[in-house]
Every structure is written in structure tokens, then in C-alpha cells.
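Subject: Structure handover

Hello,

The structure is placed below for you to open. My notes on what turned up in it come after.

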Amino acid sequence: MPRESLYWFVVFYIFAYILQDVEMRNIHAPYESPASQCGYLSCHPTKPNMLNVHLIAHTHDDVGWLKTVDQYYYGSETNIQKAGVQYIIDSVVDALLKDPEKRFIYVESAYFFKWWREQTSVVQESVQKLVKEGRLEFIGGAWSMNDEATTHYQSIIDQFSWGLRRLNDTFGECGRPRVGWQIDPFGHSREMASIFAQMGFDGMFFGRLDYQDKDERLMTKNAEMIWHGSANLGKTSDLFTGALYNNYQAPEGFCFDILCTDDPIIDGKHSPDNNVKERVDAFLDYAKTQSKYYRTNNVIITMGGDFTYQAAQVYYKNLDKLIRYSNARQVNGSNINLIYSTPSCYLKSLHESGITWPTKSDDFFPYASDPHAYWTGYFTSRPTLKRYERDGNHFLQVCKQLSAMAPNKSPEFEAHLTFLRETLGIMQHHDAITGTEKQKVALDYAKRMSVGVRACAANTRNVLNQLSVKSETSSRTSEPRADYLLDFKICPLLNITSCPVSESNDRFALTLYNPLAHFTDEYVRVPVSHYNYKVIDNNGAAMNIQILPVPHSVMKIKKKILKAEYELVFFATNLPPMGYRTYYIEKWNSSENFARPNVSPKKTSSLTVIGNEHIKLGFDTNGFLSEVTADGLTQIISQEFLYYEGAKGNNEEFLNRSSGAYIFRPNQNKIHFVATQVDIEVYRGEIVQEVRQKFNDWISQVVRVYRAKSYAEFEWLVGPIPINDNVGKEVITRFTSGIESAGTFYTDSNGREMIKRRRNQRDTWNLKLNEEVSGNYYPVTTKIALEDGTARMAILTDRAQGGSSLQDGAIELMVHRRLLHDDAFGVGEALNETEQGEGLIARGKHFFSFGQSGNRSGISLKATERIAQLENMLPAWQFFSNMKSYNSEEWLTSFKNIGISLALPKPVHLLTLEPWHQNQLLVRFEHIMEKGEDVLYSRPVQINVKSVLSSFDIDDMRETTLDGNAWLNETERLQFVPDSEQEVYNSYATFSRSAKAIHLLSAAKPLLGVKYYDEALPSGQLGAESNRIKRAAYTERPELHKDDQAPGSMAADFTLKSGSDHQQYTIELSPMQIRTFVVTLSHV
């Protein structure tokens, strides 16, 4: 090689080596030319003093709904729905390449990257060019457009992180969305706004909101606002948010897609069908009408819908004509300017307008599309799928952590982990976890989950064998990966007390992996076939155990074909942070019945009481819960199961709406009792005390209090719900207390901050309520609570459910639904889940907390609930191994246990630890308390990341946005200015001609062109075209962003000391704050 060439080669190599630590993206990320004109730089110019109409060419591609994910992608099953995503992207790319003026946005990363993998390098290069020039823009960017009511924040963040990483790795900065696009979810959570803001997004647009709320906002020009996403995080959680005028479909008569029947623009000069004038007149009239309800001289009009643009040239050809003929009128005095645009370009125009904006501090739940259609049924629909998703997220976190900790990483690790990541991303879709898909699609989702869990189980098995087997043990055995020493099997049917390893083997090991970064204690239940067992811990000590029979109702489940008749219960203490402890379990060969469980004698004249020093529950002679004692308080509290009959009708008018997968509509709001007498069995032991209740042949429950827990566990089993009377039923559990809650209760927002709810009231408009039950239901992802000045009661859930407080002191949660009629919102079938020909059985848990609402010694009840919520959502994962080849002594000397070296304080959660790019980890820490929830635990906390993760050889650490794909110190967001406090509430109010009646926008899917219901509402009830009377400003404003932290904000007990060389790794977390870092490991 010539000397000059060698010189330049060395210079280039050194430069590339330096850049690998500077660039955040994968080294394979595309090079970006300085001439890239993506994002805000790519926007077509608007015209001052004109109404600028931003036309958004888009498609909304459900990641499963009426068809499965693959059926939608490949375009099969056209008899169900004519939809093929691969053709959409093919067609759009071809159209964009032909004309640099055109724009298109794409949202669903799950579909895009399925398509991307199939393309040639030539096509990929062309798409790279489109993205760099801003002609193809990604909006949202998550793996799917997630639901906002039933999803947990951990899963939302994960699926955004993965989608955005794939975009970042593939397209660099030009692939990074700046705007959220939640156009189809059925209501919107405050936490979702906070998540968008923390990911660095500038704004978000959505389609669906309550019809009354929408009318109010349009009339007062408040449809675009600054949304305060958090009561704890201040302005960093604020997000500019806009409600679209038209949901997300094209204006009536202007859906030019091949799926629609609207006329094209016919511009033949001599054609008798020439319709240019009338079409342009109609469109410009529509744009002017829409502009009346918004504050600036810019309006956004969506030109697309569900699975549109399969033949993009058809849509684009008509849009070209619409733009050309509309703008041609400007020479004759028209002040309307049409442009191809994107949501980010529209947001840029709003920002440049320089005006102030209204604010919002609550959320957009519940969503009603008409007076009798409250979309609150999906909060509970398909309860077993909702629980399966939560289990999948649990195992995903375990798989991520163990894959990151692996001493030696197998080549297939990343593929296995990626499959489960992407499966969980699909599960967050607003027609997946919601339960609003067709039955066969729900089965496909469950199948994907099963495959994903099995794939990641190969990772966990590999890593646990690497970590557990002592070197001398491995030296005595061969090392091929197909012959692991320990099985480390997972048992997916533990919820029905079934596990082949523990049921079929006399000797087995149970490994408890703790995914939390603090020590935990856990009560463990193991299915076994007999009652004579011993359990040995990792130090060789025998454990205290208790044996209980499997409940009769569980034994009756048809799939319960294995032979476990008992559950072995023991108390596992000090499970190491992000580590594991293994227990050796062996059947005794003894004829003695010392561990055989016995039912306590029934009481017929006094209370049956179970409990411990923290909480006691009393049951009356009819078998119902009747009183609770905790924190020195004794209060009459009852719990019972009831059901609503689902309304049934022809759906042809609002009053005849049926209850279905989407909406909850009880027949006449009447509630039905399931039992007046409950059969009970009582089991008492040193570890747990249980009352087993049988309400009827299809509802049973086990109420248990563990020895050291301050709350009670209610494990319910419901189903098969009978329908032999041809009546659908919606089953609830209701806890009734004497707490004087004054119509107020609290529900969580996606598992994080609590939001105050008021019965029969909305914070931002005067509510007219026609459905008093369903209209008061809210999503409960993890917790619902109420309190007065003395007492507090809270219920923690193990999955998303709908809940409410319909009377003071009472909490109800819907646990299961089985309906016989469709609600006519698109899914086209009744929510009638079956298994082996019978109605589906659902089993789950509620965790009941009660005590003093204030002046409580020690940790506050709210803080206790937070910790319990975390520990019950991410308990120790159970791995089972056959111990046929090892007796207890050999097991003790052959295997080891591990954990990270330093535990986090209780208020801090290690939300994420996962392998990221090569030699990188993605790490998130979060403060799980809100301000003021606890005197001690709600203070800011300092930790040292390097000390916490001392088992890793950390070379560097840099903070990112919440999603982990952009450096935090390089991220700037558009800032919007709120209206002043003195701003008159409706200073922008629109007053127009009176209308006798108005027609509501149809909410039924699929959404293509605009449709209105035939039925009209009287103008006195509602109407954006009806007269309005000015009213006073809403005076009760939530107190947000106040720096009300108690003095001495850093608790010394929570500060992790470290040497001076570690100071760069010390971080501080304030209440509810999440901080995300990319940690670079030393090269090995």
C-alpha cells in the first residue's frame, strides 16, 4: 500500500474509533448528509394572511383487529376486510419517489420493519432518501399505537423505546418522530402525555374524545391545548396536544381511496361530469367551517383512514387536483392555501403563530361517542388476555435482566429477546390488550405471547445455568448448550395451580429470581401431589411450610388434568436484588400426616376471623366479609359479587345501544346479587390463614392473610358465566365501607400517578349524564382508592379493569364480562369467550388495603400501597428444575446464588436493565412515590449507579430521553405559552346560528370517510351549531408544579456513599421522576 494511502487509512480509522463513543446510534446507523432537509426543515411554506390548510396523507393500520397481524400485512382474508399493509407501503413509496412535493406519514413500526426486511438494497436506499428529505415522515414511532386506558407505563415505554430505536438505527435523526399520533385509542391518559413529553416529543394529536367535551372545546376554541402531564414533574411533562376535528378520516365526500365510494375530481374540460367547481367549493367551505373552531390561521385535515392508500396513486392524483384547483382561486381573491403537510409541520405553524394556549390537567376518560355509548366496557373485556399481557411484561423484564447479566452471550440471545419485545409491543395495540378484537385475533395474540415467552425462556435457562453452576461442577460435565445441568423451566399454568415439574417429581428445585433492585420477602405457593414435603434453603436449613388443598373450584377446571391436589406454601426471605435464591424441595417417605391440612370448624353464632397483627378480617354467619380491623380502626366493610345485565338492542338509535366489547351499558342500571348465603371453609396455619368462599356454581373466592403482610389478598374465580337465560352478564366485586368519601375517589393513570375522580362530574365541562353507571366508570390499571379524614381503603389489581365508586364509601371493579350482542362499533361479534365449548373462566387477585388515612405511625398507607403495587406486579419469577440426579447435599455444594451487590432504597425502582447496542446497557431508574405521599419516602433520593450495578464493568454513562434514543442534553422541545390566569375562560367562544338539531360524528370502525349518525340530538342538549351563553371561568384549578417538597429533601438513609472516582455516576431522583441512561461497558 502506498505511504500516502496508508496515512489516510490510519487517519480514517482513528477518526472512526473516536466516533464510536460519540455516536449514540449503532455503528451501522446511516450517515446523514448535512443537506438533509427532514423534520421541520422539510415543511412546505405557508402563506401569511391566508388560511393554510395542512393536508395529511396517512393510513391507520391496526396491528390486528378483525384480522390477525399477518393477515393484515399480507392482505389475506379479504372477505373480512380489504386491507394489505405491504401494498400500502409499496404504493406510497412509489408515489413519493415520483413527486418531491408529496408527503406521507407512517406510524406503526411493527408493520414498517416487517416490510423493510423484505426490500432490496435499492428500495431501501430510495426510502432512506425519502426520509432524509422529509417526504416520508414517521409519526409516533412506537411498535404499535398503544391503548391508553389498559396499558401499564412500563410496557408503553418499552414499546416506544424499541420502535424508536429501530427507526434511529435505520434512519438516524431523520427517522426520529417529534409528534405523537394517538388518533384511534378510546380515550387518553394524562400519563401518556407525560411519557411523550419525557421522550422529547413536541406535541401530540388524537382523534377520539367525549362528544360533549369535543363540543365544548370547539365552541370555546380550546381543542388545542397545553396538557400538564404530571402533578409532580412540572413543565418537563407538559405537552402541546390537539384534538382533531374529524377523528382521523377525510371530510365527507372527499375520501378518494379505492376503499371508498366518493366521486373523484373530474376535470375534463368538456366532460359533462366535470365537477371541479362544486368539489372545490365544498372543500373550501369545509375548511372555513373547521377554522371557526380553532385559534390560528392553520387547520389540519386528515386525508386517509383505516388501511387507505393501497393504491396511493388514486388518492394522490385527486389530492393533486384538489390542491391545484383550490389554490388557483387565490388570483381571484381566495384566502385559502392548501399544502401537503405532516402533523409536525402543522405543529410548527402553530408554534410560529406566537399566541397563547389553554391548559388541561386531568385526562380524557371516560370517552362517550353518544349519550348512551360510554366506552368503558373495554377496560375489562377479555380479562384473561389482559392478565396474560401482564405476565408477559413480567417475564420480559426477567429475560432482559438475565440476558444483560450473562457472562457469555449466545448468538441467539438477541433474536429471542427481540421477539418477545416485539410481541409485547403488539400487545399494547389499542385493539389487542383492550379486548376489542375478534376472537380468532385474540387467540393469535395469545399464541404470539406463548411463542415469545418460550423463546426468551431459552435465554433465561442458558444464563441461569451459567450463573448457578460452580466451576468445579461444570468441569465434571460436558458443556454443550443442549445439555444443561438444570432445567429452569417456567410453568405458565401456575394461576390454576399446575406445574408438571413440581407435580411429577419427588425432588425438584425452585429458583426464585427477584427482578426488583431491592431485597424482597415473598410467600411462595407451589403445586404438589401430596402433603408430606420438606423445603431446604440455600444454606441447608429446613424451612417452615404449610400445606393447603387446591380449592374445589380450581380442581374442577377441565384443563386441570395434572395431579396436584395441594399447594405447598413457604416464606422466602431476603431474595437478593436482581438475583435469585434456590430451594430444594423433596417429598418425605413418611406415613405420618403431620402436614395434612385440616378445615377449621365452622362457626354458626359468631364472626369467623382471620388475620395477623396488622390486619384482621371478620366474616358473618352468612359467609360474607363484614368487618375489618387495621391501624387501630375497626370498620364495617362488606365484599360481595354482583352483576349487571348487558343491555341489548338493535343499535339503530342511541337508546337501543347494546353492551359490547367496547361499551359498557347495563340494562336499566340495575344490579343483581349472586348470593345471599356463602359457603365457607377456613384454613389456619402459621404462614397463612384462608377463608374459602363459594358464592354459587360459577363464582368462588379465597380470602387470605399472610403472617407478615399488612394487606389481605382476595383471589377470585369467575366463570363460566351462565347465559342459558339468553342474558349477557357483567360481573363486579364490590367493597362497601363507612368511609365518607363525598363522591370522590382516585384511580391510577397507567400505573403511576393517581387522579382524582368526582362522581357525576367532569373537571372541564358541565356533564349531562344519561348512563349513570357506565358514565362513572374509569380505567384502573393498578389501583383504585377512596378516603375521608379518618380512614382509607384501596384495592390493587393484577390486571387492568374498569372501576368506580357509585356510592360513598364503596368501590366496585368489573372482573369479567360475557355478552351476547355486538355494540356495532366495528368488531362485528359479541364478546362471548368460550373454552372447550363453555364460557371462559377467569381467575385473578385483588389486594385489599385499609387503615388510617393520616397520622399513621411509620410509613404512610399510600407509600405501603406503592411498594405492594410494585412487588405484586413484579414478584419473583419461579423456575423449576428436576433434581432427580442430585440429593440435597450434592445440590448444596454444586450450585450457587447471585444478586447485584447493592440494594436500592424502597422508593427507587430499577425500571429497566436490558442489553442495548454492543457493549451497552439501557438503564432506567424511577422514583415510585408522588409528592406528599410519605414524609420520608416522598423525598428526593440520591443513588450511585456504578455502585448499584457493580457487577458490571462500567466505562461510561450518559443520560438520554425517556425512550433511550436521544441524548438528553442535545434535546430541545418546542415551547408553547399558556393563557394567562386572567384569560376569560371562553374568550374565544364561537356564536353561530341556531340549529334545531345536530348529528354526531359516527365512531364506528373502520373509519374511512366521515359519516354521521342518522339520529339527531336536540340543540338544547348539545351542538356546535347551537347558541351558547357565556359562563364564568372554571375556578377550581388543580395545584400543579409547586415546589412543596419538605425541607431536608434528601434522606440520609437513602444516599449511597461512594468514592470520589464514582461521583460522576451519582444521580438524584425526585418524586415520580424517571431517568434513563445508556451505560457503556468496558470492551471484553
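Helix 6 (residues 153-171) packs against helix 13 (residues 413-427) at an angle of about 120°, and their axes are 9 Å apart. Axes here are lines fitted to C-alpha atoms, for helices over the stretch in contact, and angles run from 0 to 180 degrees between N-to-C directions. Helices (H or I, at least four residues) and strands (E, at least two) are DSSP runs, numbered from the N terminus. The crossing of the two helices is left-handed, meaning that the near helix is turned anticlockwise from the far one by less than a right angle. From helix 6, Gln 159, Trp 162 and Arg 166 meet Glu 414, Thr 418, Arg 421, Glu 422 and Gly 425 of helix 13, where contact means heavy atoms within 4.5 Å.

Before going on, the ground rules. This is a predicted model, in which local features need pLDDT of at least 70 and side-chain atom pairs count only at pLDDT 80 or more, while totals for chains, interfaces and linings use all residues. Residues are numbered from 1 along each chain as its sequence is written, and side-chain values use heavy atoms, with hydrogens and water left out.

Cores. The largest nonpolar core has 230 residues, of which Met 303, Tyr 309, Leu 617, Phe 848 and Phe 925 touch the most other members. Helix 14 (residues 439-468) supplies the largest share of this core, 10 residues. A second, separate core of 24 residues includes Cys 491, Phe 508, Val 528 and Tyr 583. A nonpolar core is a set of buried Ala, Val, Leu, Ile, Met, Phe, Trp, Tyr and Cys residues joined through side-chain atoms within 4.5 Å; buried means under 20% relative accessible area, exposed over 50%, and partly exposed in between (1.4 Å probe, protein chains only).

Ala 509 sits in strand 14 (residues 507-514) and is buried at 1% relative accessibility. Leaving aside neighbours within four places in sequence, its contacts are Thr 582, Tyr 583, Phe 879, Phe 880, Ser 881, Met 883 and Trp 891.

Salt bridges. The whole structure has 63 of them, each a side-chain nitrogen of Lys or Arg within 4 Å of a carboxyl oxygen of Asp or Glu. Glu 690 and Arg 704 form one (2.9 Å, N to O), linking strand 26 (residues 688-696) with strand 27 (residues 699-706), and both residues are buried. Glu 715 and Arg 843 form another (3.4 Å, N to O), which joins strand 28 (residues 712-718) to strand 39 (residues 842-852), 128 residues apart. Glu 715 has a relative accessible area of 11% and Arg 843 one of 12%.

Backbone. Most residues other than glycine have a negative phi, and most peptide bonds are trans. A cis peptide bond joins Phe 365 and Pro 366, with omega about -10°, and another joins Gly 719 and Pro 720, with omega about -5°. Phe 307 has a positive phi of about 60° and is buried at 0% relative accessibility. Asn 651 also has a positive phi of about 60°; its loop runs between strand 23 (633-646) and strand 24 (666-673).

Regards
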